[in-house]
Amino acid sequence: MNFDEIIDRRGTHSVKWDMMEKLYGVPADTGLSMWVADMDFRPPACVQRALQGMLDHGIYGYFGDDRAYLDSIRWWMANRHGWEVAPDWVLTAHGLVNGTAICVQALTAPGDGVAVMAPVYHAFGKVVRGSGRRLVELPLKNAAGRLEMDFAAWDSMIDPGTKMLILCSPHNPGGRVWTVEELRQVADFCRRHDLILLSDEIHHDLVFPGATHTVMAKAAPEALDRMILLTATTKTFNIAGGHTGNIIIPDAALRKRVGDYAFGLGISGNSFGLIMATAAYSPEGAEWVDALVAYLDGNRQVFDAGVNAIPGVASMRLESTYLAWVDFAGTGMAPAEFIARVEKGAGIAANHGSSFGLNGESFLRFNLATPRARVAQAVERLQAAFSDLQ
């Protein structure tokens, strides 16, 4: 659990580091990569041992007998989130972007509306539009640096052709952990408008002290007939390359529709991803996650203290995720100017806020899941790039 170890990922086919210069113009040799959401930490030793066992065996055939895999999901959800999952509720996807696409395409028709709370994870919009559906952006309110839902405004934005709501819980990029009351209001909103509720909870294990994540199914069990939950080991344990995610559907009729569609696509599990997920969802994996969250909390505090000291710059206080959502509106600069200062001046690659949809234009998203020395270096570079504001 040495999260301070600097691991050079350049030249390892890392999208985060090896695509930084091409996408952001940040030099590969001197730049800091703080954009795409994967971590610069090795996963827990139990995952490494499981992979080594596969290598030692030396045969990489089709995966079969998923009982241990399903039991590990049930164990994790019960012990970490207090929710009992039946094994037949779980469908496996090639990651949760793929899982989102399967659900959108199985449960809506071309031209239907799919609503999201914006700004939000950019892949939702790509999936919705790429599937020939309409993206309906419901704007979140920025209440003194904290994102809040606005059901009064949203009711008038849902037309009869809108069939689904995708909830990001906890929220990416705002870092909000929704309260039980907010989640219940989401369920009621979906009931009023007859929407299928797709709750993406991929960041649910990365929650900081003072906040508590509640599984959507626990918050609103009366809405299980319209509810799908997406979970995964990939963000929690930094094994996104395993492309494995869980589509959990308690309602049998809804599950059959999604399962039949997925079967028609010829999808089967990635052996490496399933083996890693099974190993990760364990007591040893849980111990590693507890240490990780404590470390990320320290990174969050270092980053926020340094960035918020820059006049006109404000980092939203994260309740979850390792993705800082930083507002540059107070500088009075246009996006092109503050982006240039970050990329060319500070040599940092960060996600552009406009890619997250409505009300994201004045923001950048910074990935803090990296050794603390790099976070401190990023703070120094940002303060230098905006030194004329001091």
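The structure, a predicted model, contains 21 aromatic pairs, a pair being counted where the ring centres of Phe, Tyr or Trp (its six-membered ring) lie within 6.5 Å, with planes under 30 degrees apart classed as stacked, those over 60 as edge-to-face and the rest as tilted. One of these pairs joins W76 to F237 in an edge-to-face arrangement, at 5.6 Å centre to centre and with 65° between the planes. Because W76 belongs to helix α4 (residues 67-81) and F237 to helix α10 (residues 234-237), the pair ties together parts that are 161 residues apart in sequence; helices here are DSSP runs of H or I with at least four residues, and strands are E runs of at least two, both numbered from the N terminus. W76 is buried, with a relative accessible area of 0%, and F237 is likewise buried at 0%, where buried denotes under 20% relative accessible area, exposed over 50% and partly exposed in between (1.4 Å probe, protein chains only). Residues are numbered from 1 along each chain as its sequence is written. For this predicted model, local features need pLDDT of at least 70 and side-chain atom pairs count only at pLDDT 80 or more, whereas totals for chains, interfaces and linings use all residues, and side-chain values use heavy atoms, with hydrogens and water left out.

Ring pairs link W76 and F237 with F3, F41, W75, Y281, W288 and Y295 into a cluster.

Apart from its neighbours within four places in sequence, F303 is in contact (heavy atoms within 4.5 Å) with S315, A324, V326, F366, L368, V375, V379 and L382.

Two of these contacts of F303, S315 and V326, are themselves bridge partners, V326 lying in β12. Strands β11 and β12 (residues 323-327) pair in the antiparallel sense over 2 bridges, pairing requiring at least two DSSP bridges. Both belong to an open antiparallel sheet of 4 strands in the order β11-β12-β15-β14. In this sheet β11 (314-315) and β14 (351-352) stand at the edges with a single partner strand each, so one side of each is left without a neighbour.
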